[in-house]
Amino acid sequence: SIAAAENFPFCTVEPNIVKVGVPDERIEVLAKVCGAQKTVPGAVEIRDIAGLIKGASTGAGMGNAFLGQIRGVQVVLHVVRCFSDDSV
């Protein structure tokens, strides 16, 4: 499905989640060396969650809901907006 993306905060409350395979041609070589019967390629799950806004610590925006969504992640990837056009 296509993720919701709008030019305003919190166009979606639930995170957009996608799982992406991480191909590695070395996995077959390692499987043969180790005598593995089965190989399982790596995968990464990306969770795009709404960000914090000014006043979030006092309950503005998603507040504690944000903390609940980010609590279970292992890595935080901060994407910075770099557009000169404010309508983007």
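Me: Which interaction joins the side chains of Asp 24 and Arg 26?

Reply: They meet in a salt bridge, with 2.7 Å from N to O. The term denotes a side-chain nitrogen of Lys or Arg within 4 Å of a carboxyl oxygen of Asp or Glu. The model is predicted, and local features need pLDDT of at least 70, side-chain atom pairs count only at pLDDT 80 or more, and totals for chains, interfaces and linings use all residues. Residues are numbered from 1 along each chain as its sequence is written, and side-chain values use heavy atoms, with hydrogens and water left out.

Me: How many salt bridges does the structure hold?

Reply: The structure holds three. Besides the pair of Asp 24 and Arg 26, there is a salt bridge between Lys 19 and Glu 45, whose closest N and O atoms are 3.8 Å apart. That pair links distant parts of the chain, for Lys 19 is in strand S1 (residues 16-22) and Glu 45 is in strand S2 (residues 42-48), 26 residues apart. Glu 45 also meets Arg 47 in a salt bridge, at 2.9 Å from N to O.

Me: Which residues are linked in a network of salt bridges?

Reply: The network links Lys 19, Glu 45 and Arg 47. Lys 19 has a relative accessibility of 65%, so this residue counts as exposed. Glu 45 is partly exposed, at 38%, and Arg 47 is likewise partly exposed, at 37%.

Me: Where in the protein chain is confidence lowest, and where is it highest?

Reply: Confidence is given as pLDDT, the predictor's score for each residue, from 0 to 100. Helix H2 (residues 64-70) has the lowest mean, 71, whereas helix H1 (residues 26-34) has the highest, 93. Over the protein chain the average is 78, and 69% of the residues score at least 70.

Me: What share of the protein chain is buried?

Reply: Of the 88 residues, 11% are buried. Accessible areas come from the Shrake-Rupley method with a 1.4 Å probe, and for residues only the protein chains shown count as cover. The accessible surface of the protein chain is about 7700 Å², and carbon and sulfur atoms hold 58% of that area.

Me: Which residues make the nonpolar surface patch?

Reply: Patches are made of residues with over 30% relative accessible area and no salt bridge; like charges are joined within 9 Å, and nonpolar side chains (Val, Leu, Ile, Met, Phe, Trp, Tyr) within 5 Å. In this model Val 18, Val 20, Val 22, Val 44 and Ile 46 make a nonpolar patch of about 360 Å². S1 and S2 are the elements that give two or more residues to the patch, and S1 provides the largest share, three residues. Val 44 belongs to strand S2; this residue counts as partly exposed because its relative accessibility is 40%.

Me: Which residues does Thr 39 touch, leaving aside those up to four places away in sequence?

Reply: A contact means heavy atoms within 4.5 Å. By that criterion Thr 39 touches Ile 27, Glu 28 and Ala 31. Thr 39 is placed in the loop between H1 and S2 and, at 30% relative accessibility, is partly exposed. Across the protein chain, 50% of the contacts with a separation of 6 or more are between residues 24 or more positions apart.

Me: Where does Lys 38 lie?

Reply: Lys 38 is also in the loop between H1 and S2. At 65% relative accessibility, Lys 38 counts as exposed. Lys 38 and Glu 28, 10 residues apart in sequence, are 9.6 Å apart in space, C-alpha to C-alpha.

Me: Where does Val 76 lie?

Reply: Val 76 is in the segment after H2, and its relative accessibility of 59% makes it exposed. Val 76 and Ile 46 are 30 residues apart in sequence, with a C-alpha to C-alpha distance of 9.8 Å.

Technical notes. Buried means under 20% relative accessible area, exposed over 50%, partly exposed in between (1.4 Å probe, protein chains only). Helices (H or I, at least four residues) and strands (E, at least two) are DSSP runs, numbered from the N terminus.
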